[in-house]
Amino acid sequence: MKDEEPIEVLAELRDAGPGPAAERRIVDGARTLTRRRSATPWVFAGVGVATACAAAVTLLWASPAPPAPPAPTPPDVAAPAAPVTIPEPTAMAVGSHRVVPGDGAQVEVRSNAPDRVELELMGRATFAVEKLPPGGSFRVQTAHALVEVVGTRFAVDAGEDCTTVSVEEGRVRVTGETSRLLSPGESTRVCRVEPAGAPELADLRVALQLIDEGGALDEAARRLRRYADRHPDGALLEEALFHLSLVELRQGRRDAAVDAGRRFLGRFPESRRAATLRARLPELGGP
Amino acid sequence: MYRWALLRGLRPPEAEDAAQEVLATAWRRIGACANERAFDAWLYEITRRVAANKRRKVWWRRVRPVDHPIEPGLDASGLAREIELAVRACLADLPPKQAEVLVLSDVEGYTRDEVAAMVGIPPGTVASRVRLARAAFRARWAEREESR
């Protein structure tokens, strides 16, 4: 990119537009707005100029380069539009993804990086997740479960005692005390089963938050270690050991990092994160 | 419409909303379009107004800058995401009037006279504004490259 003439670079954007999913949302949303706002129906056919302009709308949509030549079919606004489900009026955007919180639901965005979205939810919300980049993640943390997107469209209802997850499209992994992969049409309910464990879960949450925010890493490591020691079979042990190893490494405590890494690999040898740890810690038998 | 809104500093979800609104308005008010030749200017006027409203609604971002990275919003084969983000970052640093004519002329490919009709300024002013905008854009680009 260094040698490119910057003004020429501008022209490279000429053929770029929204992705197919975004384009669909725009057209569907415009149809919805049109239906909602049109107090009196307007006549589309029979008006020469209007037809020409509408044709140009279509063309401009496909290829915005001027001038707009005559085009085939104008947008079919008179016909009944396809049912629009996304976006809904209350949809909230998180990066390129959409979240529709239910009444009274609280959604907190903990991370909104393009390749890593983490939300915390209390209440009910529906999620429409765009295709994730390789290695990307979209996670929803409730008081009882960590919901991780492997596919695309699902609903989470996080109540006081239980969290219910149902999947419409794609696949979603739900991790409570155990982990389960949900397919379309399936749902699962994860409830509080171990009130005594709550403080340790809080340990893990606080630790991950400290890491995210670049806070006190010593404190994060202490909490992760405590969680891992007290929950040798905990559902979130993988999360704890992985981050513990990285935090120790960032703190310059290589031996402790290797130790945590070995525990991780011993328990989760098939984990996708194993490669990350091996790459950072050749002592673990890296590539 | 979407691309224009995005390059004028809106984030992808805001640009989507703006494009929805422009399209809906264009569909509803197509009868107000004077003739086919004036269509681009007519549509641009709607886009400009809608985008300005959106930008007003996110005024707090200018007052309280949030350290959010620019999210990629364009999709095209051959377009490096890095280039998109770099262009948008540089455009965001330009004075709004300069960024506007630069996008219309060098991204969208409109002629000087067409830009003049769309923005409502004399062609000579467009030319000088584009010249200044290009110089400013090159300078931002160079600064960015140096800081890499």
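What share of the contacts in chain A with a separation of 6 or more comes from residues 24 or more positions apart? The share is 41%, where a contact means heavy atoms within 4.5 Å.

The structure is a predicted model, in which local features need pLDDT of at least 70 and side-chain atom pairs count only at pLDDT 80 or more, while totals for chains, interfaces and linings use all residues; side-chain values use heavy atoms, leaving out hydrogens and water. Residues are numbered from 1 along each chain as its sequence is written, and chains are lettered from A and ligands numbered from 1 in the order in which they are written.

**Figure 1. Overview of chain A.** Chain A holds 8 helices and 11 strands. Helices (H or I, at least four residues) and strands (E, at least two) are DSSP runs, numbered from the N terminus. Of the 287 residues in chain A, 44% are buried. Buried denotes under 20% relative accessible area, exposed over 50%, and partly exposed in between (1.4 Å probe, protein chains only).

**Figure 2. Helix α6 of chain A.** This helix covers residues 237–250 and has 14 residues. From its first C-alpha to its last it reaches 20 Å, close to the 20 Å expected at 1.5 Å a residue; the expected span is 1.5 Å times one less than the number of residues. The helix is mostly covered, with 11 of its 14 residues buried. Among them are A:L237, A:F242, A:L246 and A:E248. A:G252 follows the helix and has a positive phi, near 85 degrees.

Figure 3. The whole structure contains 5 aromatic pairs over all chains. Rings of Phe, Tyr and Trp (its six-membered ring) pair if their centres lie within 6.5 Å; planes under 30 degrees apart count as stacked, over 60 as edge-to-face and the rest as tilted. Over the ring of A:F242 sits the charged end of A:R273, 4.5 Å from the ring centre. A charge sits over a ring if NZ of Lys or CZ of Arg is within 6 Å of the ring centre and within 35 degrees of the ring normal.

**Figure 4. Crossing of helices α6 and α8 in chain B.** The axes of α6 and α8 (residues 123–147) in chain B come within 8 Å and cross at roughly 95 degrees. Axes are lines fitted to C-alpha atoms, for helices over the stretch in contact, with angles from 0 to 180 degrees between N-to-C directions. The two helices are therefore roughly perpendicular to each other; angles under 35 degrees count as roughly parallel, over 145 as roughly antiparallel, 65 to 115 as roughly perpendicular and the rest as oblique. Residues of α6 that meet α8 include B:V101, B:L102 and B:S105.

**Figure 5. Surroundings of B:S105.** B:S105 lies in helix α6 (residues 96–107) of chain B. B:S105 counts as buried because its relative accessibility is 13%. Beyond its neighbours within four places in sequence, B:S105 is in contact with A:R14, B:Y110, B:V115 and B:V130.

**Figure 6. Surroundings of A:P18.** A:P18 is placed in the loop between α1 (6–11) and α2 (20–37) of chain A. With 16% relative accessibility, A:P18 counts as buried. Residues up to four places away in sequence aside, A:P18 touches A:E23, A:I26, B:Y2, B:G73 and B:D75.
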